[in-house]
Amino acid sequence: MCFSLALSNIVEKLRVPRFFVWTLLLALAAAVADQFVVPALFSTAPLCALLACLVLATRSHGDALTSLPSPSAPYPVAWRVLGFFAAHAALIWIVYRLDASVSRASGALNGVGWAFLLVKFAVLAPMLVLLPWRTWRYLARTYAAEFAAAAVVLVTFFPRRVMEALWPVYGQFVGRCVHLLGWPLVSNLGYVKALYPTLTGPSLDVTILLSCSGINGIELFDALFALVVFCEWPRLNKRRTLAAYFIGVVAMTLGNILRITSFVVLGNHGFADFIARFHVNAGWLFFSLVFLFFLSSTYRWMLTPSPANRPA
Amino acid sequence: MKKFTLLAALTLFATPHLTLAHEDHDRDDPGRHRHMNASEFISAGFAAAALIGVVGYLALRRRGSRQN
């Protein structure tokens, strides 16, 4: 009771239409409940996407309240809420009815696994029942940037599954790039083609495992970029921020290739023991430096207002 | 104050909580040599890297606001 009162007070104070906040909170609660009832539905992506949308909407300028097309109810209508819960119940029932092997494919990197990923994302679909279509169109116009950010979070944050799926090709790409960059600096540098490629040197052989894919760097980048976006959201040029996100992911990927190259080169020039012992810590330090370099290069650019929003 | 709170929250968040579970196991044998496993090592590395990133961002932000 106290919790719901406190929550109501918080929602009252936000500069976001109340029905929108309640819609997102209901969707979040239902998605969490779905995952408790059916563990096969476990995925942090829809939860993070809903949270991102909610948090960024509260950080926006708040002019949405004054531009509402008509007075709207502060809460979603009761019959819509019933329909929303019925849709969630139907989803749970469908997943229960699915063959056990299909449910077990959750997280697998085959066709069934990817199809099941869509089922996991389907926990967001019942949210559409909560509000009239006209209201959703209004919200899509008013909070276009917030919805876009949530979509980016939904499909790109915590990209371990994508990296694992791409590894047979991406691993070779990383190995070949490291070989190409390290070859002029290390004599007799060899390349052993395998699922986990190995670079053979006179003093140190380096095997590139999945954990060397740069996935940790991308996850670090995701977390830090999310913090910057949250703190700066009202001042950010949204298009540039979206572009900067993808530039940053590419920068971390290229940075990872440089990181492994430096290990191969230093390891074969008298630092083999040091590299073997400290490469994990050195890697984290390297990733944080790449992030700082990226941020110092793009920070002011991301904050520059678009010509349409620039004061006359 | 806000920045301090943010840093403190991040430090708390970043503390490798898995170490606590290990300490429970080690309690039976207090003299035993302790070691971190790979996941704790990654947590600690992530925490340190995140802290460097946050501090760098705050410095960049402060420099930006001074220039304005």
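Colleague: At roughly what angle do the axes of helix H11 (residues 238–267) of chain A and helix H12 (residues 272–303) of chain A cross?
Modeller: Keep in mind that this is a predicted model. In it, the axes of H11(A) and H12(A) come within 9 Å of each other. The angle at which the two axes cross is roughly 155°.

Colleague: Are H11(A) and H12(A) roughly parallel or antiparallel, then?
Modeller: The cut-off to remember is that angles over 145 degrees count as roughly antiparallel. The axes of H11(A) and H12(A) cross at roughly 155°, and their crossing is right-handed. H11(A) and H12(A) are therefore roughly antiparallel.

Colleague: How many nonpolar residues does the contact of H11(A) with H12(A) have?
Modeller: On the H11(A) side, the residues that meet H12(A) include A:Ile247, A:Ala251 and A:Phe263. H12(A) brings, among them, A:Phe286, A:Phe287 and A:Trp301. By class, this contact has seven polar and two charged residues, and its nonpolar residues number 14.

Colleague: What is the other helix that packs with H11(A) at an angle of about 150°?
Modeller: The axes of this pair are 10 Å apart, and the crossing is right-handed. The angle of about 150° makes the pair roughly antiparallel. The partner of H11(A) here is helix H10 (residues 215–232) of chain A.

Colleague: How many charged residues are there in the contact of H10(A) with H11(A)?
Modeller: H10(A) contributes A:Gly217, A:Ile218, A:Phe221, A:Phe225 and A:Val229. Facing them in H11(A) are residues including A:Tyr245, A:Val249 and A:Asn256. The contact divides into seven nonpolar and five polar residues, and the number of charged ones is none: no charged.

Colleague: Which domains does the assignment give for chain A?
Modeller: The bounds come from a domain assignment, and the two domains touch each other. Their contact takes nine residues from domain 1 and eight residues from domain 2. The assignment gives domain 1 (2–156) and domain 2 (160–309).

Colleague: Which elements give two or more residues to the side of domain 1 of chain A that touches domain 2 of chain A?
Modeller: By class, that side of domain 1 has six nonpolar, two polar and one charged residues. The elements giving two or more residues to that side are helix H3 (44–59) and helix H8 (144–156) of chain A.

Colleague: How are H3(A) and H8(A) oriented to each other, roughly parallel or antiparallel?
Modeller: Their axes come within 8 Å and cross at roughly 155°. H3(A) passes H8(A) in a right-handed crossing. The two helices are therefore roughly antiparallel.

Colleague: How many nonpolar residues are in the contact of H3(A) with H8(A)?
Modeller: H3(A) supplies residues including A:Ala45, A:Cys48 and A:Leu56, while H8(A) supplies A:Glu146 and A:Phe147 among them. The contact has no polar and one charged residues, and its nonpolar residues number 13.

Colleague: How many residues does chain B give to the contact with chain A?
Modeller: The contact takes 18 residues from chain A. The side of chain B that touches chain A divides into 10 nonpolar, four polar and no charged residues. Chain B gives 14 residues.

Colleague: Where in chain B is confidence lowest?
Modeller: Chain B averages a pLDDT of 63, with 35% of the residues scoring at least 70. In this chain, confidence is highest in helix H3 (residues 38–67), at 80. Confidence is lowest, at a mean of 45, in helix H2 (residues 18–26) of chain B.

Colleague: And where in chain A is confidence highest?
Modeller: The mean pLDDT of chain A is 84, and 84% of its residues reach 70 or more. In this chain, confidence is lowest in helix H1 (residues 2–13), at a mean of 62. Confidence is highest, at 92, in H11(A).

Key: Residues are numbered from 1 along each chain as its sequence is written. Chains are lettered from A and ligands numbered from 1 in the order in which they are written. This is a predicted model: local features need pLDDT of at least 70, side-chain atom pairs count only at pLDDT 80 or more; totals for chains, interfaces and linings use all residues. Two residues are in contact if their C-beta atoms, placed from the backbone, lie within 7 Å. Ala, Val, Leu, Ile, Met, Phe, Trp, Tyr, Cys and Pro count as nonpolar, Asp, Glu, Lys and Arg as charged, and the others, Gly among them, as polar. Domain bounds come from an automatic or database domain assignment. Helices (H or I, at least four residues) and strands (E, at least two) are DSSP runs, numbered from the N terminus. Axes are lines fitted to C-alpha atoms, for helices over the stretch in contact, and angles run from 0 to 180 degrees between N-to-C directions. Angles under 35 degrees count as roughly parallel, over 145 as roughly antiparallel, 65 to 115 as roughly perpendicular and the rest as oblique. A crossing is left-handed if the near helix is turned anticlockwise from the far one by less than a right angle, and right-handed if clockwise. pLDDT is the predictor's confidence in each residue, from 0 to 100.
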